[in-house]
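Please look through the model shown here before reading on; the paragraphs after it are meant to be followed with the coordinates open.

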Amino acid sequence: MKKLINNPEDVVKEELKGIELAHPDLVKVFYDPDFIVRADAPVQGKVALVSGGGSGHEPMHGGFVGKGMLDGACPGAVFTSPTPDQMLEATKAVDGGAGVLHIVKNYTGDVMNFEMAADLARGEGIEVESVLVDDDVAVENSTWTAGRRGVGLTVLMEKIVGAAAEEGRSLNECADLARKVNAQGRSMGMALTSCTVPHVGKPSFDLPEDEMEIGIGIHGEPGRHRMKLESADKITEMLVGPVVEDLPFKEGDEVLLFVNSMGGTPLIELYIVYRKAVELLKAKGIKVVRHLIGPYITSLEMAGMSITLLKMDEDLKKLWDAPVKTAGMRWGI
Amino acid sequence: MAITRDDVLKWVTTFAQVIEENHEMLTNLDREIGDADHGANMRRGFKAVLEKLPSVEDKDIGTILKTVGMTLLSKVGGAAGPLYSTMFMKAGTSIGAKTEMELNDWAQALEAGTVGIANLGKAQPNDKTMLDALYPALNALGAAMGNGTSTGEALQKSADAAHEGMLATIPLVARKGRASYLGERSAGHQDPGATSTYFLIKSAADTWKDC
């Protein structure tokens, strides 16, 4: 293992300390239990958004705390769901009296911990709603699994619903909007290399030099299929196809196209993929009206990428364009 | 002979030691079909439990087990955190304010914990989870008690059944948790949750064999 770390057990704490020192204008960081809230929390009268998950997906979620996006984020150990006490304290710290929306990626641990936290928060008189993100089309038979995973769409949901909350929409409206985003978005990812969890010290799976994994998640879980490496264009086709067919996205649809790096893949390659994806969508009569390209929901140093499509309408476009000021995403301010 | 508060403390301590000795093995099992954190998470949780135990060592068994559960809830994370936490909290609630328990109390506590895990995880037998070690352990314990077997022997039969249940997860295709994303590729691997659960039952059999 070759990493810029000190002690594997201090990775998350030292990262939080760095975030605290770098962004005092954006966030406040709390320890034991660990959570991050926006600097001006709680914002009175505004619905607050809280998300969280294992660390190792940076900038998600801590990097998305700030005006126009999340109010609070709970970082777990690397690739491990955070715990209910973190979520409860974050929920209490951001509640401005208009209720708190938990954005939960659909993983067994995340779902159970957030469920327990929501119960505890309701017990303390806070109105809490939860929405699940489960956009990963690579999980084929969701009847016989823990269900589809929450992946790339999480980033788009946090931005769009964050803007809606900032605009003054109610808890129910924000929850409905989040469910709409989840219903209209789909993702799929692939890996060129594995990644190494610091406290494990060896790669999460072994992937020979000339092979790739199609349909990976974001925790170094192996994917559904392993195959010989193909060209960027072929790989893009392999992801865009299932994503388009699943919803399905149709001729005349306007979409946001999100090409995400899993951490190790550089922008130069993401643009090659983006170019092919736009071409494929154009051939199907699907118009890319917004885009996001870069490392936003990563899997440590894994090389690979994911493609997310979200069907847009005027409301979603307006919310996407609204100002956002966070460490990981910033425009219009 | 009854199982005393001290025996319960010894059981938890023994289990914590077993986790400490086997955390790498558990993480490696999880690396094969999950996300490579089960051993590390359990180890972190039970280190915190060992620090917490002295503060409740003069309390009743229910309080001790519920304290273990609350500590795990805030220290383990992942899926194992809420599941093990529920196991200990439900078991603690079932036993209540006793400082000594009979084998029957333990059987009821184990059942309460198992039901709690099944409800929270929404899993069925043969989904390749902790339950595949727990249900056999529970059934074997009930059968042994029905036959009037001694406490030590009944607990050993329960541990043997958990062991068999753990091994029986190897050919199963996972239907819950992160291993389920692998589909057929999850077959051929032993479930890490069922493995740590076997250690839990075995630790009880080992520490309470003369009770």
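What follows goes from a sheet in chain A to the domains of that chain, and then to a helix of chain B.

The model is a predicted one, and totals for chains, interfaces and linings draw on all residues. In chain A, an open sheet is built from 6 strands in the order 1-2-5-3-6-7, and the pairing within this sheet is mixed. Its edges are formed by strand 1 (27–30) and strand 7 (128–133) of chain A, each of which pairs on one side only. From one strand to the next, the twist averages 20°.

At one end of that order, strand 6 (residues 100–105) of chain A runs parallel to strand 7 of chain A, and 6 bridges join the two. Within this pair, the residue opposite Ile103(A) is Val131(A), which belongs to strand 7 of chain A. Helix 2 (residues 84–94) of chain A packs on the sheet, where it touches strands 1, 2, 3, 5, 6 and 7 of chain A, and its direction makes about 155° with that of strand 3 of chain A. Helix 1 (residues 11–22) of chain A lies across strand 1, strand 2 (35–38), strand 3 (48–55) and strand 5 (72–78) of chain A, and runs at about 150° to strand 5 of chain A.

On the scale of domains, the assignment for chain A gives domain 1 (9–184) and domain 2 (185–320), and the centres of these two domains, taken over C-alpha atoms, are separated by 22 Å. Contacts between them involve 29 residues of domain 1 of chain A and 33 residues of domain 2 of chain A. On the side of domain 1 that touches domain 2, the elements giving two or more residues are helix 4 (153–166) and helix 5 (171–184) of chain A, and the largest share, 8 residues, comes from helix 4 of chain A. The residues on this side of domain 1 of chain A divide into 15 nonpolar, 7 polar and 7 charged.

In chain B, helix 5 (residues 103–121) has 19 residues and reaches 27 Å from its first C-alpha to its last, close to the 27 Å expected at 1.5 Å a residue. Its buried residues include Leu103(B), Trp106(B), Leu110(B), Gly113(B) and Ile117(B). The buried residues of helix 5 of chain B pack against helix 3 (108–123) of chain A, and also against elements of chain B, among them helix 4 (80–95), helix 6 (131–146) and helix 7 (151–168). Just after helix 5 of chain B, Lys122(B) takes a positive phi of about 50°.

Terms used:
Residues numbered from 1 in each chain as written. Chains lettered and ligands numbered in written order. Predicted model: local features only at pLDDT ≥ 70, side-chain atom pairs only at ≥ 80, totals over all residues. Helix = DSSP H or I, 4+ residues; strand = E, 2+ residues; numbered from the N terminus. Expected span 1.5 Å × (residues − 1). Buried ≥ 20, exposed ≤ 12 C-beta atoms within 10 Å, placed from the backbone. Contact = placed C-beta atoms within 7 Å. Pairing = 2+ DSSP bridges. Axes fitted to C-alpha atoms, helices over the stretch in contact; angles between N-to-C directions. Domains from an automatic or database assignment. Nonpolar A, V, L, I, M, F, W, Y, C, P; charged D, E, K, R; others polar.
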